[in-house]
Amino acid sequence: MKMHHCQTEEETIALAQRMARTLTGVVTLNGTLGAGKSTFARAVIQSLTSAEEDVPSPTFTLVQNYEARDSETSHRQIYHLDLYRLEDAEEIFELGWDDMQVENSLIMIEWAERIEDLLPRKRTDIMIEIMNTHSRTITVKEHIT
C-alpha cells in the first residue's frame, strides 16, 4: 500500500499522470462526493490518449469509452464508469461489463462499492480522502489475487 499527499489539485493531476502507464485492469476510485475521483480519472485518460481529449464525467451515461495511443501504452481500451446512479448491481451487465474485461483494457470505476460483489479479486483500489479544501491523501492498494 502506498500513500501520497497532494497539496493542490495540480499535484493530484500530476500523480494521476505519473501512475497512468502502470494502471491496468480494474481500478476503483473511492472517496466522498467532491474528493477528486473524476479529476484523477480525467488526468489518467488524457495522459493515455491526448491532452486535448474531452473527458466528461460519465455521471449520466454511466460509462465512457476511450482508445489509448497504441505507440505509448499497452492499453487498448479505457473505460471510465461512474456508478453513482446505478440502482442494482446487475445493471452493470447492461453496460457491457463482461466485454470490458479483456486483456490490456483499463477500467476505472467511481462508486465501485455499488458492484462490490462483482469486482475481480485482482484490482487496484485508489482511495482519495479530503484533508482540507485543496489537499488530498491518496492511498493506492494493489490486490494481486
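Reader: Which residues does Thr-12 touch, not counting residues up to four places away in sequence?

Author: Thr-12 touches Cys-6, Phe-40, Arg-136 and Ile-138, where contact means heavy atoms within 4.5 Å. This is a predicted model, where local features need pLDDT of at least 70, side-chain atom pairs count only at pLDDT 80 or more, and totals for chains, interfaces and linings use all residues. Residues are numbered from 1 along each chain as its sequence is written, and side-chain values use heavy atoms, leaving out hydrogens and water.

Reader: Why does Thr-12 count as buried?

Author: Buried means under 20% relative accessible area, exposed over 50%, and partly exposed in between (1.4 Å probe, protein chains only). Thr-12 has 5% relative accessibility, so Thr-12 counts as buried.

Reader: What makes Tyr-84 and Trp-111 an aromatic pair that is tilted?

Author: Rings of Phe, Tyr and Trp (its six-membered ring) pair if their centres lie within 6.5 Å; planes under 30 degrees apart count as stacked, over 60 as edge-to-face and the rest as tilted. By this rule there is 1 aromatic pair. In this pair, Tyr-84 and Trp-111 lie 5.0 Å centre to centre, with 55 degrees between the planes, and are tilted.

Reader: Is Trp-111 buried or exposed, and why?

Author: Trp-111 has a relative accessible area of 12%, so Trp-111 is buried. Tyr-84, at 41% relative accessibility, counts as partly exposed.

Reader: How do you know that the charged end of Arg-114 sits over the ring of Tyr-84?

Author: The rule asks for NZ of Lys or CZ of Arg within 6 Å of the ring centre and within 35 degrees of the ring normal. The charged end of Arg-114 is 5.2 Å from the centre of the Tyr-84 ring and sits over that ring.
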